[in-house]
Amino acid sequence: MLGKLKAGEKGRIMNISGADKFVRRRLLDLGIAEGSEVCVKCILPFGGPVMIESCGQCIGIRRKEALRIEVERA
Amino acid sequence: MMNIALIGNPNTGKTSLFNNLTGSYEYVGNWSGVTVEKKVGVFKNGEDQLIDLPGVYTLNPLSKDEGVVTNFFLNEPFEKLLNILDASQLRRNLHLTLQLMEYGAPVIIGLNMLDVAKNRGIQIDIGKLSEALGVTVAPVVARSGKGCDELAELVTGDFVGMGKTNLVYYGKAIEDGILRLANMLDGRVKLPIRWLALQLFEGNSYVKDYLVKYVAIEEIESLILSVADSHFQLSGDKQTLEQVIYRKRSETIDKIVAASASRKDNKKVPLTEKVDMIVTNKFLGIPIFLLMMYFMFMLTFDWLGFPLSDALDAFLSGPVTAGITAALAAAGSSQFINDLILDGIIAGVGGVLVFVPQIFILFFFISLLEDSGYMARVALVMDRLMEAVGLNGKAFIPMMIGFGCNVPGIMAARTIETPKERLMTILLTPLMSCSARLPVYALFVGAFFIQHKALVVLSLYVLGVVVALILAKVFSKTLLKGETSLFVIELPPYRMPQARALWRSTWDKGKGFVKKAGTFIFAGSVLIWLLAYAGPEGANISMDDSYLAALGGIFAPLFAPIGFGTWQASASLFTGFLAKESIISTMNIIYYVPDEASLQGLMAVHYTPLAAYSFMVFILLYIPCLATTATIYKETGSKRWTAFSIGYALLIAYLLSLAIYQGGKLFGLS
């Protein structure tokens with residue numbers, strides 16, 4: 001799961017269908033879908049959002065959504 | 001004259017390009033969706049108009065902000081499109097471009113951020129890109145303006161091509177569906193059918209609502225279902241039409257990118273990521289944000305703003321007043337005119353103008369935060385806290401803008417996707433202490449809290465935020481239950497703020513304040529002075545017998561329990577509804593003083609420090625000003641919510657001031 005990666009770790013998105021419909025659509029708008037490589041840049045404290053990088057752009061999403069996106073560690 | 005629409009993804013430099021093409025003073029920012037309104041500028045050729053649309057990733061909208069763009073394509077006339085692309089994010093940007101080409105209007109592409117792409121090892125062959133799309137592509141550097149003149153010439157010129165309207169083949173099922181929709185509409189719609197059909201199949205609700213005007217909704221829905229079904233029959237894949245359309249576009253884009261861009265690996269860590277490691281750090285993120293806020297307030301109120309305002313005050317009450325007095329004497333004007341100008345207008349308008357330096361410093365910092373890209377990080381850092389009260393991190397941006405002025409703050413709430421969170425943000429943004437409230441604080445802290453000026457003012461700003469957060473929690477548990485909160489935010493790369501853009505942005509925000517002083521405050525000052533000058537017993541009487549005193553006196557007893565039961569205070573609170581800074585003009589007129597310093601001296605007689613703090617808290621919260629109320633009405637479209645925003649604010653302000661004043665007295669403060 002993307003939410004399980006530590007800061008600095010990389011992965012490839014395997015399945016995104018568990019995430020909320022809206023989040024999925026927005027990630028798709030940003031060009032992030034199954035097959036995209038992502039890197040966790042930082043994790044904010046107290047269960048706060050995670051900042052991920054994919055194809056050179058940075059995006060913030062909530063931890064609980066990140067926990068619903070399957071990734072394969074790279 | 002031609003109407004040309006400027007369209008592109010968020011954070012592609014669209015607003016900078018708009019400024020450079022039109023040469024107008026325009027608002028430049030960097031957080032997702034800074035362009036909340038439709039803005040129109042005139043090209044430097046003095047003829048054609050450029051319409052700035054909000055940044056969108058696709059024409060199928062998620063937020064109200066994005067809906068503005070879809071509505072524009074459905075309902076507004078325009079001749080050409082100018083599509084700005086971020087070269088470093090070509091793939092994602094082209095999704096929008098393909099939809100524009102399906103629309104079939106003449107389009108020119110401005111390719112921005114080639115330097116960023118180059119730093120990331122991406123080389124783009126502009127000729128090949130142009131050939132693949134079938135439209136003209138011109139390189140620009142939107143921030144510096146390089147290439148903008150050539151682009152302006154191209155786009156206002158006579159020969160602008162349409163591009164290839166069917167670059168993407170969507171498969172037999174969808175292509176047949178397009179034809180079927182064309183048959184159903186039977187030439188009754190002027191808009192391009194292919195575009196309408198594809199947007200409809202993608203689930204664009206705006207397009208669906210548009211089509212329902214021509215075809216029965218059952219027919220439309222059964223068309224969508226049968227296209228989805230026939231796609232499944234023909235291909236056997238279970239993807240939704242939305243996914244299929246996205247995938248087909250992606251495949252075409254891959255081909256275009258493969259033909260026109262090449263990439264070398266570049267292992268260098270970009271500066272943006274290094275900065276982000278610090279400012280969004282687990283432990284340092286929030287402290288850094290608070291430290292920056294503290295620094296901003298110290299500069300605005302203490303280190304820089306205060307001495308500047310003092311100097312301006314001395315100038316206005318000294319040479320300027322002396323000059324006007326002399327001019328009036330030379331013109332031989334009557335005593336009435338003399339009093340009106342010196343005690344009414346100069347006291348009223350001058351009292352507000354004195355704060356121009358502080359307000360500009362504050363606006364400068366807000367512009368700096370937006371323009372550098374830090375604002376989006378603030379949203380990220382604050383999201384956890386905002387989530388706890390039922391909002392999301394994006395709601396923090398309208399609130400920050402609200403520190404400058406509540407009106408643009410409330411409009412900025414349009415970028416929030418969920419209706420509930422948007423409504424809450426609109427209702428709570430007026431609690432953010434806007435710059436017009438600042439003169440009131442500046443006056444009172446100068447009179448009572450000279451040792452701790454910035455801290456006392458900061459406490460008021462913090463109080464506004466804390467009250468807003470508590471109310472958000474209360475509202476989301478009671479009035480606005482349900483609907484989950486969502487948060488996805490793009491964090492644009494940091495950009496070195498440019499002096500010119502910063503100045504434009506600061507001036508654009510601050511000029512309203514100066515303008516208001518010359519119009520609203522001017523007229524208000526005349527009115528207040530007249531009300532104070534005349535009374536039931538005639539003109540030129542003692543002010544305690546004036547209409548103003550009588551009017552204020554009615555409500556004064558109400559304010560006695562919270563520490564300021566004088567007619568002067570309640571009269572100024574009335575004018576404060578029109579514009580918060582007119583509280584100061586009213587006081588200047590009522591207390592009949594030539595400058596800020598002597599007004600502060602007088603205040604010490606009429607207020608205790610505790611009453612002064614209670615008064616400031618009341619001013620902070622008690623009512624959104626007239627312009628803000630009008631904006632709330634416009635944005636919510638509901639009289640009920642507008643009335644609610646006034647009602648709850650009055651109640652909270654009264655209760656808090658009561659707690660502070662009576663509580664303070666219990667603890668022996670005065």
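A contact here means heavy atoms within 4.5 Å. In chain A, residues 24 or more positions apart account for 56% of the contacts with a separation of 6 or more.

Some housekeeping: this is a predicted model, so local features need pLDDT of at least 70 and side-chain atom pairs count only at pLDDT 80 or more, while totals for chains, interfaces and linings use all residues. Residues are numbered from 1 along each chain as its sequence is written, chains are lettered from A and ligands numbered from 1 in the order written, and side-chain values use heavy atoms, leaving out hydrogens and water.

**Chain A**

Chain A has 2 helices and 5 strands, arranged along the sequence as β-α-β-β-β-α-β. Helices (H or I, at least four residues) and strands (E, at least two) are DSSP runs, numbered from the N terminus. With a radius of gyration of 11 Å, close to the 11 Å from the globule rule for 74 residues, chain A is as compact as a globular protein of that length. That radius is taken over C-alpha atoms, and the rule is 2.2 Å times the number of residues to the power 0.38. The C-alpha atoms fill a box of roughly 25 × 25 × 20 Å along the principal axes. Buried residues (under 20% relative accessible area, 1.4 Å probe, protein chains only) make up 57% of the 74 in chain A.

**Two sheets**

Strands pair if DSSP finds at least two bridges between them. One open sheet has 6 strands with antiparallel pairing, in the order β5(A)-β1(A)-β2(A)-β3(A)-β4(A)-β9(B). Its edge strands, each pairing on one side only, are β5 (70-73) of chain A and β9 (488-491) of chain B.

The other open sheet belongs to chain B: 6 strands in the order β2-β3-β1-β4-β5-β7, with mixed pairing. Its edges are β2 (39-42) and β7 (137-139) of chain B, and the twist averages 25 degrees from one strand to the next.

| Pair | Bridges | Opposite residues |
|---|---|---|
| β2(B) and β3(B) | 4 bridges | B:V40 and B:I51 |

**Helices on the chain B sheet**

Helix α1 (residues 14-22) of chain B packs on the sheet, touching β1, β2, β3 and β4 of chain B, at about 165 degrees to β3(B). Helix α3 (residues 90-103) of chain B lies across β1, β4 and β5 of chain B, running at about 170 degrees to β4(B). Axes are lines fitted to C-alpha atoms, for helices over the stretch in contact, and angles run from 0 to 180 degrees between N-to-C directions.

Methods:
Buried < 20%, exposed > 50% of the residue type's maximum accessible area, 1.4 Å probe, protein only.
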